[in-house]
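I opened the notebook to look up side-chain contacts. The entries follow the model.

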Amino acid sequence: VQLVESGGGFVQAGYSLRLSCVVSGLTFSRYSMGWFRQAPGKERDFVASITWNGANTYYTDSVQGRFTVSRDNAKNTVYLQMNSLKPEDTADYYCGASLSSNFRATRGLRPQEYDHWGQGTQVTVSS
């Protein structure tokens with residue numbers, strides 16, 4: 001199983017980035033997906049998640065209205081569109097894949113709910 005994130009970079013506040021996570025080695029359409037981020041010295045925090053069929057999406061409050069999670073099951077890819085970036089969005093961003101049957105109830109908020117993880121992509125937002 002491989003999850004490969006890309007699209008990170010260095011941008012100024014107010015700009016946008018789109019992260020991608022390409023998944024292989026599993027039946028992607030069966031998995032709900034999540035994006036988490038981890039700043040240096042901090043825990044891995046939930047950012048957004050999407051159910052296996054894309055019908056439900058969830059966001060942490062700090063990114064609601066700025067970030068959009070989506071998926072393309074034909075391309076085995078999940079995206080995170082990040083607009084109006086702020087310096088506090090600076091972190092390593094990770095995608096995770098979850099086979100949890102309870103995902104709609106739990107919303108995929110906890111890292112423990114995920115079965116597979118990517119290696120991360122770095123996002124730096126300057127002020």
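How many aromatic pairs are there? I noted that the model is predicted, and the count came to five aromatic pairs.

I looked up Phe36 and Phe46 next. Their ring centres are 5.6 Å apart and the planes meet at 80 degrees, so I logged the pair as edge-to-face. Phe36 belongs to strand S4 and Phe46 to strand S5, 10 residues apart. Both Phe36 and Phe46 are buried.

Then I took Phe36 with Tyr114. This aromatic pair is edge-to-face, with 5.2 Å centre to centre and 85 degrees between the planes. Tyr114 lies in the loop between helix H1 and strand S10, and Phe36 in strand S4, so the pair ties together parts 78 residues apart in sequence. Tyr114 is buried, as is Phe36.

I wrote down one aromatic cluster: Phe36, Phe46, Phe103, Tyr114 and Trp117.

I checked the nonpolar cores. The largest has 28 residues, and Met33, Trp35, Leu80, Met82 and Tyr93 touch the most other members. Strands including S3, S4 and S9 each supply at least two residues of this core. Another core, of five residues, lies apart from it, with Phe36, Phe46, Tyr58 and Tyr114 among them.

Last entry: the cysteines. I found one disulfide. Cys21 and Cys95 form it, with sulfur atoms 1.9 Å apart. The link is right-handed, with 50 degrees about the S-S bond. Cys21 is in strand S3 and Cys95 in strand S9, 74 residues apart. Cys21 has a relative accessible area of 0%, so I marked Cys21 as buried.

Conventions. Residues numbered from 1 in each chain as written. Predicted model: local features only at pLDDT ≥ 70, side-chain atom pairs only at ≥ 80, totals over all residues. Heavy atoms only, no water. Disulfide = S-S within 2.5 Å. Helix = DSSP H or I, 4+ residues; strand = E, 2+ residues; numbered from the N terminus. Buried < 20%, exposed > 50% of the residue type's maximum accessible area, 1.4 Å probe, protein only. Core = buried A, V, L, I, M, F, W, Y, C linked by side-chain atoms within 4.5 Å. Phe/Tyr/Trp six-rings, centres within 6.5 Å; stacked < 30°, edge-to-face > 60°.
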